[in-house]
Amino acid sequence: MSSISSDLKISASILAADFRNLEDHIHEAEIFGCDEFHFDVMDGNFVPEISMGPIVLKSLKNLINLPLEIHLMVDEPINHIDSFVDIGVDIITFHIEACKDPYELINKIKSKGIKVGIAKNPGTPIDRIQDFMQEVDRVLIMCVEPGFSGQKFNEKVVESIIELDSLLLSKNIRDLVDIAVDGGINSSSIKKCKEAGAQIFVSGSSIFWEGDVRSNIMSLKNSLRDES
Ligand code: DX5
Ligand code: ZN
């Protein structure tokens, strides 16, 4: 039977879950095979929407038993680190486009014993994050303009994944830095991202919006199986 490589992980974006039913949705994502959770923080400034922040996360935290990534879509991300550190999260990902001094921010997050991710929008060249790759645990490539769940996957980002993959290889840090993708990930785009070199697949609407969570996760996972 074909298998899924152990470094490939599905991360459930809580933003797309049913907010009247969050406890059930979080529980289902866990028992039906997600590997991580992804918590989207939007400030109405860096992106048009306002989503949720530390106060909401605090009340959800004891429901979550998987690693948790905070995706900060906010201006001045450095001002928002401490409140997430206090709650206890595993990785904090910030946008290069929103950050004045990435080194200062990376050092602050690391000094708290938390992993660091750097995110880039679809139109931002890989060059822009090059200098920081050695310092982070993850690069998050946005496959849609950040701000909403349920948008269509931008095919052009596949090139960026390939470019990033070879850059990490050339710097000899391919094993140290994960490539994550976020936005428009469904059972077809997940395959293209995997083939291009991604390991972490953040998915919101494809898990929570239609049908049942169990079959939705299964169909994402089936697309990650090696054909043999
Ligand atoms: C969008 C967020 C995503 C979003 C993904 O800006 O960063 O994490 O919830 O949702 P889908 O998978 O529906 O695009
Ligand atoms: Zn996100």
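Figure 1. D82 and K108 meet through their side chains in a salt bridge of 3.4 Å, N to O; a salt bridge is a side-chain nitrogen of Lys or Arg within 4 Å of a carboxyl oxygen of Asp or Glu. D82 lies in helix α3 (residues 81-87) and K108 in helix α4, 26 residues apart. Helices (H or I, at least four residues) and strands (E, at least two) are DSSP runs numbered from the N terminus. K112 also forms a salt bridge with D82, with the closest N and O atoms 3.5 Å apart. K112 sits in the loop between α4 and β5 (115-120), 30 residues from D82. Relative accessible area is 35% for D82, 23% for K108 and 37% for K112. Each value falls in a class defined with a 1.4 Å probe and protein chains only: buried is under 20%, exposed is over 50%, and partly exposed is in between.

The model is predicted, local features need pLDDT of at least 70, side-chain atom pairs count only at pLDDT 80 or more, and totals for chains, interfaces and linings use all residues. Residues are numbered from 1 along each chain as its sequence is written, chains are lettered from A and ligands numbered from 1 in the order in which they are written, and side-chain values use heavy atoms, with hydrogens and water left out.

**Figure 2. The salt bridge between R138 and E69.** The N to O distance between these side chains is 3.1 Å. R138 belongs to strand β6 and E69 to strand β3 (residues 68-73), 69 residues apart. R138 is buried at 4% relative accessibility, and E69 is buried at 0%.

**Figure 3. The aromatic pair of Y103 and F132.** The structure holds 1 aromatic pair. The ring centres of Y103 and F132 are 5.0 Å apart and the planes stand at 65 degrees, so the pair is edge-to-face. Rings of Phe, Tyr and Trp (its six-membered ring) pair if their centres lie within 6.5 Å; planes under 30 degrees apart are stacked, over 60 edge-to-face, and the rest tilted. Y103 is partly exposed at 39%, whereas F132 is buried at 9%.

**Figure 4. Polar contacts of ligand 1.** A polar side-chain atom of D40 lies 2.9 Å from an oxygen atom of ligand 1. For S149, a side-chain N or O atom is 2.9 Å from a ligand 1 oxygen atom. In G184, a backbone N or O atom is 2.8 Å from an oxygen atom of ligand 1.

Note on methods
A polar contact is a pair of N or O atoms within 3.5 Å; within protein, one must be able to donate a hydrogen and the other to accept it, and residues adjacent in sequence count only if both atoms are side-chain atoms.
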